[in-house]
Amino acid sequence: MPTLESLVFDNGFARLPESFYSRVCPTPVPDPYLVCHSPEALALLDLDEGEMARPELIETLAGNRLLPGMDAIAALYAGHQFGHYVPQLGDGRAILLGEVKNARGEGWEVQIKGAGRTPYSRGGDGRAVLRSSIREFLCSEAMHALGIPTTRALCIVGSDHPVYREEEETAALVTRLAPSFVRFGSFEVFYYRNQVEPIRHLADYVIARYYPALKDLADPYPEFLRQVALRTAELMAQWQAVGFSHGVMNTDNMSILGLTLDYGPFGFLDAFDPGFVCNHSDIGGRYAFDQQPDVAAWNLTKLAQALVPLMSVETASQAIGEYPQVFGKAYLERMAAKFGLPPGSEAAGLVMDALQLLAQNHVDYTIFLRRMCDFDSRPGALNAPLRDLVLDRAAFDAWAARYAAALRQQGSSDAERAAAMRALNPKYILRNHLAEIAIRRAADERDYSEVNRLHALLARPFDEQPEHEAYAAEPPDWARKIEVSCSS
Ligand code: AMP
Ligand code: MG
């Protein structure tokens with residue numbers, strides 16, 4: 001039976017020179033308890049379900065003890081925050097405990113977020129609160145279930161240790177798993193310090209471990225940068241297609257592996273609104289929903305710049321030059337497929353016009369797309385469930401007639417298309433109000449059943465789950481008042 005004692009640690013990042021991190025000890029919290037865990041994430045470490053209940057594991061993931069083989073560190077990085085370079089950030093509250101090698105040969109770094117102060121904490125307390133930890137836990141696992149690259153969340157450990165934000169809250173730690181937490185900012189920090197060797201060293205490390213196909217190239221760096229740009233383009237296409245808004249796309253929150261990283265004030269679109277800003281503190285709307293692909297492009301220029309010591313400026317800009325086309329193509333292909341259409345100019349027109357219709361009529365994005373799966377393409381069909389979502393019926397009818405004609409022309413079978421579309425248009429997403437209900441119950445009543453229910457529900461986002469129909473509904477009126485900010 002796989003147990004804690006049989007975990008095999010590798011700790012590749014901790015074997016890099018000490019200029020990349022600081023060795024730290026997590027600060028213990030009193031009386032930690034398990035709030036929730038993800039069985040799917042636990043399986044990545046080859047751990048048996050029973051291990052999750054062991055006090056040794058809870059104590060470890062609370063930062064109260066280390067397992068043999070762990071080598072705890074906080075990583076150094078910098079980053080552009082809201083357009084401005086901040087020379088030193090780093091893991092101010094996350095501590096990498098070690099990297100587990102599973103039986104399939106995969107390496108999973110185990111990081112606890114909220115583990116106390118580190119040399120990079122600046123003014124912060126090194127803690128995370130239960131509220132934001134629940135949001136990160138649920139969203140990481142939900143994104144994975146949606147097929148979107150992301151860091152994973154193994155569990156949340158709570159403690160009654162008080163943490164002060166706008167008001168007093170309690171501490172929690174999320175255990176995150178990822179092949180690597182290296183960020184664009186991990187390179188930037190050395191570029192702005194004029195240190196070329198660490199840039200090369202880190203690039204070699206990332207290439208050898210995570211882009212192994214490139215390591216034998218005579219000059220792997222330009223191709224490495226290109227691959228990061230491609231993965232980033234693919235990620236942006238996925239975010240835009242599902243209606244996910246990250247909220248804080250600073251370069252320190254951009255994964256070198258193209259993963260969704262650092263869940264803060266994120267939000268999924270309810271009503272389709274291109275200018276949606278989920279982060280209450282983002283007054284200028286820099287990270288608005290429809291800005292994300294361009295922000296990622298801008299962030300890639302910052303990464304390219306940080307890698308210029310390894311290649312010419314021209315080569316670096318070429319390496320990220322394909323991003324706009326790759327993003328555009330990936331996004332359109334995804335959207336066409338969500339509409340059950342082959343990619344092409346006709347699909348593009350229908351998709352864009354549908355989005356405009358949704359925006360003008362404040363139609364719920366997820367509900368509309370899910371109902372589209374059952375679109376009746378026969379001439380004269382009313383498609384009432386879909387039509388009822390749109391106030392401007394005439395505009396809907398005109399669009400639906402075009403869409404139906406396109407489907408008929410392609411000889412698309414309604415039944416076959418419906419099945420394919422249901423696997424691409426989720427029924428269940430982590431709407432803000434759903435997270436909020438789970439958080440309130442957890443924080444006020446120590447009742448974690450709703451967190452667990454949501455986790456299980458969102459592990460199968462494409463399945464009809466009739467007993468949970470209410471979770472697919474539009475947000476209630478009170479949800480309009482929910483405000484999410486960077487404070488977490
Ligand atoms: P984030 O906006 O969560 O991505 O964090 C930006 C930077 O602030 C990172 O370097 C974090 O480690 C750091 N940080 C955020 N919250 C805290 C905290 N409570 N204590 C220490 N550092 C923090
Ligand atoms: Mg961050």
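Is Asp 262 buried or exposed? In this predicted model, Asp 262 has a relative accessible area of 14% and therefore counts as buried, the cut-off for that class being under 20%. Asp 262 is placed in the loop that runs between β11 (244-245) and β12 (267-268). Although Asp 262 is not a glycine, its phi is positive, at about 65°. Most residues other than glycine have a negative phi.

The side chain of Asp 262 also takes part in the surroundings of ligand 1: one of its N or O atoms is 3.4 Å from an oxygen atom of the ligand. A side-chain N or O atom of Asn 253 lies 3.1 Å from an oxygen atom of ligand 1. On the backbone side, an N or O atom of Gly 126 is found 2.8 Å from a nitrogen atom of the ligand. The protein buries 81% of the 480 Å² that ligand 1 exposes when taken alone.

Asp 31 belongs to the loop between β1 (21-23) and β2 (33-37). With a relative accessibility of 66%, Asp 31 is classed as exposed, because the threshold for that class is over 50%. Asp 31 is thus exposed, whereas Asp 262 is buried.

Conventions
Residues are numbered from 1 along each chain as its sequence is written. Chains are lettered from A and ligands numbered from 1 in the order in which they are written. This is a predicted model: local features need pLDDT of at least 70, side-chain atom pairs count only at pLDDT 80 or more; totals for chains, interfaces and linings use all residues. Side-chain values use heavy atoms; hydrogens and water are left out. A polar contact is a pair of N or O atoms within 3.5 Å; within protein, one must be able to donate a hydrogen and the other to accept it, and residues adjacent in sequence count only if both atoms are side-chain atoms. Accessible areas come from the Shrake-Rupley method with a 1.4 Å probe; for residues, only the protein chains shown count as cover. Helices (H or I, at least four residues) and strands (E, at least two) are DSSP runs, numbered from the N terminus. Buried means under 20% relative accessible area, exposed over 50%, partly exposed in between (1.4 Å probe, protein chains only).
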